[in-house]
Structures are given as C-alpha cells and as structure tokens.
Amino acid sequence: ILIDWLVEVSEEYRLVPDTLYLTVNLIDRFLSENYIEKQKLQLLGVTCMLIASKFEEICAPRVEEFCFITDNTYSKEEVVKMESRVLNLLSFQLASPTTKKFLRRFIQAAQASYKVPTVELEFMANYLAELTLVDYGFLEFLPSLTAASAVFLARWTLDQSDHPWNPTLEHYTRYKVSELRTTVFALQELQMNTSGCTLNAIRGKYRQPKFKS
C-alpha cells in the first residue's frame, strides 16, 4: 500500500522514474536492517522519496511539500530527523543499481532490431518493470534479471510472431533465454494480475494518454 501511494506522489510531483526506483530501494534496505512502527511507515516513505529526489532530481521538492502530501501528518522536524536516521543507517551509501538503470540500456539494445525505434516497447517494458515495485516477491531477483525479463515479456506481448530474444539482447544483458524463464513467468502473473491485487496506481498511471496502449 505504501509503494502504491508513493507512485501517486511521484506522479503528483512529476518525479523522474529513477527517483521512484531509488525510493523503493532505500525503503527495502532500511527495513531489512531496522524495525519501524506501522504508523511511521508513511513517514519513512516520504523521507526516502525526499532523499531519492535530492539524489536524482535537478530540482527536488522541498521538505514542506512532502509534509503537505501527507496532509501534514508529520512535521518538517520529524521528516528531517527520519532523514538523518535513514542516511546514517545506510552509511550515506545511496547509489544502487536499480532495475530502471539496467532497463534503460536493455531497451536500447532491443530497439536495435527495429528499423524505427518503437515507443510502445519502451512504455510496455517500463510498465512491466514498475509493476514489480509493489510486489515483495521480486526482491529475490537481481535488478538486471528483472529488467531483462521486462524487455523479453514486452517484446512478446507486442509481437508474438517473432521470438522476443536475440543474440544482441543476450550480448548486452548477458542473460540466455533459459535464465529468464522463472522471472518472466512471475512477471507475466503480475501483468495478468492473477492474484487479484487491488493496488492499481501503476496500472492507472499507464492508462494516461501520454502512454500509448
């Protein structure tokens, strides 16, 4: 629920996708080493997005804006205090190889097989990759594997007349098609929403006119 809400926040403030991915990464890393009360999870979420914004954005939203988006549930002082807590726990090590960073390169490799680059492939791959942000199960997969699987499934979804993997993609991703099997199937279940997940922020985001469907 927290990540689903943060997707909406990132859209409200028009943050770059890298900020959302880094936000989720920071939350996961913090929670893997530290317990936090349930009522403080939203505070952790906006704080990690504040930190990620400072790292990724040219012009990051101010602390007050993140307080406002929580209906001022938390004060500026509480956010700043949590920011210090997160940064110290992570030893200020913020840079992380997220799925988005791999996806950007893998999409470029995939576009090489088209005479004209297709935005549909880019949108579909990004959509599939973002679906994994709200699924805890994908933490077991490497970001590069998730990115490669998103490209594979995006190509298959858009064109089933051609094999979705080729030597170029194998070269740049360093994954053979056999290594993608488990992750692709897991990603397809997310795509089809076989579990009946009610978290729809990402699906709603990609229904916008700016994304071709």
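At what angle do the axes of helix 7 (residues 119-131) and helix 8 (residues 143-158) cross? The close-up views below, taken from a predicted model, begin with this pair.

**View 1. The crossing of helix 7 and helix 8.** The two axes cross at roughly 130 degrees and come within 8 Å. Helix 7 is therefore oblique to helix 8, and the crossing is right-handed. On the side of helix 7, the contact is formed by Glu120, Leu121, Met124, Ala125, Leu128 and Ala129. Their counterparts in helix 8 are Ala150, Val151, Leu153, Ala154, Arg155, Thr157 and Leu158. Of the residues in this contact, ten are nonpolar, one is polar and two are charged.

**View 2. The crossing of helix 8 and helix 10.** Helix 8 also meets helix 10 (residues 177-192), with axes that come within 8 Å and cross at roughly 70 degrees. An angle of 65 to 115 degrees counts as roughly perpendicular, and helix 8 and helix 10 are therefore described as roughly perpendicular to each other. Helix 8 passes helix 10 in a right-handed crossing. Helix 8 contributes Leu145, Thr146, Ala148, Ser149, Ala150, Phe152, Leu153, Trp156 and Thr157 to the contact. Helix 10 contributes Val177, Glu179, Leu180, Thr183, Val184, Leu187, Gln188 and Gln191. The residues of this contact comprise ten nonpolar, six polar and one charged.

**View 3. The aromatic pair of Tyr13 and Phe66.** The structure holds five aromatic pairs. In the pair shown here, the ring centres of Tyr13 and Phe66 are 5.8 Å apart and the ring planes stand at 80 degrees, so the pair is edge-to-face. Tyr13 belongs to the loop between helix 1 (2-12) and helix 2 (17-33), whereas Phe66 belongs to helix 4 (residues 63-69); the pair therefore ties together parts that are 53 residues apart in sequence. Tyr13 counts as buried, because its relative accessibility is 18%, under the cut-off of 20%. Phe66 is likewise buried, at 0% relative accessibility.

**View 4. Ser91, a residue with positive phi.** Ser91 is not a glycine, yet its phi is positive, near 55 degrees. The residue lies in the loop between helix 5 (76-89) and helix 6 (99-111). With a relative accessibility of 48%, Ser91 counts as partly exposed.

View 5. Arg174 is located in the loop between helix 9 (167-173) and helix 10. Although Arg174 is not a glycine, its phi is positive, at about 65 degrees. Arg174 is exposed, with a relative accessible area of 74%.

Methods: Residues numbered from 1 in each chain as written. Predicted model: local features only at pLDDT ≥ 70, side-chain atom pairs only at ≥ 80, totals over all residues. Heavy atoms only, no water. Phe/Tyr/Trp six-rings, centres within 6.5 Å; stacked < 30°, edge-to-face > 60°. Helix = DSSP H or I, 4+ residues; strand = E, 2+ residues; numbered from the N terminus. Buried < 20%, exposed > 50% of the residue type's maximum accessible area, 1.4 Å probe, protein only. Axes fitted to C-alpha atoms, helices over the stretch in contact; angles between N-to-C directions. Parallel < 35°, antiparallel > 145°, perpendicular 65-115°, else oblique. Left-handed = near helix turned anticlockwise from the far one by under 90°. Contact = heavy atoms within 4.5 Å. Nonpolar A, V, L, I, M, F, W, Y, C, P; charged D, E, K, R; others polar.
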